[in-house]
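Here is a short briefing to read beside the sequence and the coordinates. Topics follow in groups.

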Amino acid sequence: MTDTSATDGDTAADVVTEDLTDRYREYGDDRLPPGQRETDAFPVLSKGETPAWDPDAFAFEVWGAVEDRLAFSIEEFRDLPSVTQRQDFHCVTGWSKFDCRFTGVPFAEIADRAGVRDDVEHVLFHALDGYTTNLSLDDCTEPGVLFAYGYEGGDLPADHGGPIRVVTPHKYAYKGAKWVSGVEFLTEKTLGYWEKRGYSDTANPWNEERYG
Ligand SMILES: Nc1nc2c(c(=O)[nH]1)N[C@H]1C(S)=C(S)[C@@H](COP(=O)(O)O)O[C@H]1N2
Ligand SMILES: [Mo]
């Protein structure tokens, strides 16, 4: 969907090219998922400290059951084809923030470049703080799964996962790894950090899939 609100002086990151805020319609009439309350704030939720990273040494890597392993510097990553999307953000602890604007590289762009093998079923995202989270390949190829480096027209703030984080508009936000450093394609499921500790593997907010 194209946003027609662009005016002279807008940069590419200002223009929303994808609107995911109607994702809820597949599951019901309420944009706010059950048991959530809306907030205007953007709280920070991390299992530990915001990790430091070295722009000269940082590499975003793709490995596992792929034809070609990939590695991108932060500059190379920012040069990949990108989109800017509007989406709602749902945290499993009970808050939802509507109309967040993220800029980044669609999951499918990375998957296509790596060449995902036919026997891939699952994906594990790795992060600089040791966090991991898993999704099925089918969930990753849904619209809106993005490796985001921009937020509201600027750089993604470090506390929210800069330089790069994953966003998952159709899932609770723990499915989106902040400070993502790599994607591993798998032929069998491996559970991530919170999934191993009892959070739902499927994590659909409208079906209130909070615990596994
Ligand atoms: N690397 C990493 N990613 C993470 C987390 C984390 O601790 N480490 N926390 C997750 C959880 S539980 C949530 S709700 C969201 C919070 O994102 P925010 O801090 O931008 O609100 O990030 C998710 N991604
Ligand atoms: Mo969370």
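## Briefing

Strands β7 and β8 (residues 132-136) are antiparallel partners, joined over five bridges. This is a predicted model: local features need pLDDT of at least 70, side-chain atom pairs count only at pLDDT 80 or more, and totals for chains, interfaces and linings use all residues. Residues are numbered from 1 along each chain as its sequence is written, chains are lettered from A and ligands numbered from 1 in the order in which they are written, and side-chain values use heavy atoms, with hydrogens and water left out.

Helices (H or I, at least four residues) and strands (E, at least two) are DSSP runs, numbered from the N terminus. Two strands pair if DSSP finds at least two bridges between them. Buried means under 20% relative accessible area, exposed over 50%, and partly exposed in between (1.4 Å probe, protein chains only).

**The sheet around β7**

- Five strands make up an open sheet with mixed pairing, in the order β4-β3-β12-β7-β8.
- β4 (70-72) and β8 are the edge strands, and each pairs on one side only.
- From one strand to the next, the twist averages 15° (axes are lines fitted to C-alpha atoms, for helices over the stretch in contact, and angles run from 0 to 180 degrees between N-to-C directions).
- Helix α2 (residues 107-114) packs on this sheet and touches β3 (60-64), β4, β7 and β12 (contact means heavy atoms within 4.5 Å).
- The direction of α2 makes about 130° with that of β4.
- β7 also runs antiparallel to strand β12 (residues 180-186), and six bridges join the two.
- Alanine 127 has valine 180 in β12 as its bridge partner.
- On the β8 side, leucine 124 stands opposite asparagine 134, and valine 123 stands opposite leucine 135.
- β7 and β8 form a hairpin with four residues between them.
- Glycine 130, in the turn of that hairpin, has a positive phi of about 85°.

**Burial of β7**

- Six of the six residues of β7 (residues 122-127) are buried, so the strand is largely enclosed by the rest of the structure.
- In a regular strand the side chains alternate between the two faces of the sheet.
- In β7, both faces are covered.
- His122, Leu124 and His126 are buried on one side, and Val123, Phe125 and Ala127 are buried on the other.

**Aromatic pairs**

- The structure holds 24 aromatic pairs.
- Rings of Phe, Tyr and Trp (its six-membered ring) pair if their centres lie within 6.5 Å; planes under 30 degrees apart count as stacked, over 60 as edge-to-face and the rest as tilted.
- Tyrosine 27 and tryptophan 206 are stacked, because their ring centres are 5.4 Å apart and their planes are at 5°.
- Tyrosine 27 lies in the loop between β1 (18-19) and β2 (37-38), and tryptophan 206 in the segment after α4 (193-196), so the pair ties together parts 179 residues apart in sequence.
- Tyrosine 27 is partly exposed, at 33% relative accessible area, whereas tryptophan 206 is buried, at 11%.
- Phenylalanine 77 and phenylalanine 147 are edge-to-face, because their centres are 6.3 Å apart and their planes are at 90°.
- That pair links helix α1 (residues 74-78), which holds phenylalanine 77, to strand β9, which holds phenylalanine 147, 70 residues apart.
- Phenylalanine 77 is buried at 0% relative accessibility, and phenylalanine 147 is buried at 1%.
- One aromatic cluster takes in Phe60, Phe72, Phe77, Phe107, Phe125, Phe147, Tyr149 and Phe185.

**Charges over a ring**

- A charge sits over a ring if NZ of Lys or CZ of Arg is within 6 Å of the ring centre and within 35 degrees of the ring normal.
- The charged end of lysine 47 sits over the ring of tyrosine 193, 5.3 Å from the ring centre.
- Arginine 197 also has its charged end over the ring of tyrosine 193, 3.7 Å from the centre.

**Backbone geometry to check**

- The peptide bond from glycine 162 to proline 163 is cis, with omega near 15°.
- Proline 163 lies in the loop between β10 (154-155) and β11 (165-167).
- Aspartate 99, a residue other than glycine, has a positive phi near 60°.
- Aspartate 99 lies in strand β6 (residues 95-106) and is partly exposed, at 40% relative accessibility.
- Glutamate 152, not a glycine, has a positive phi of about 50°.
- Glutamate 152 lies in the loop between β9 (146-151) and β10 and is partly exposed, at 35%.
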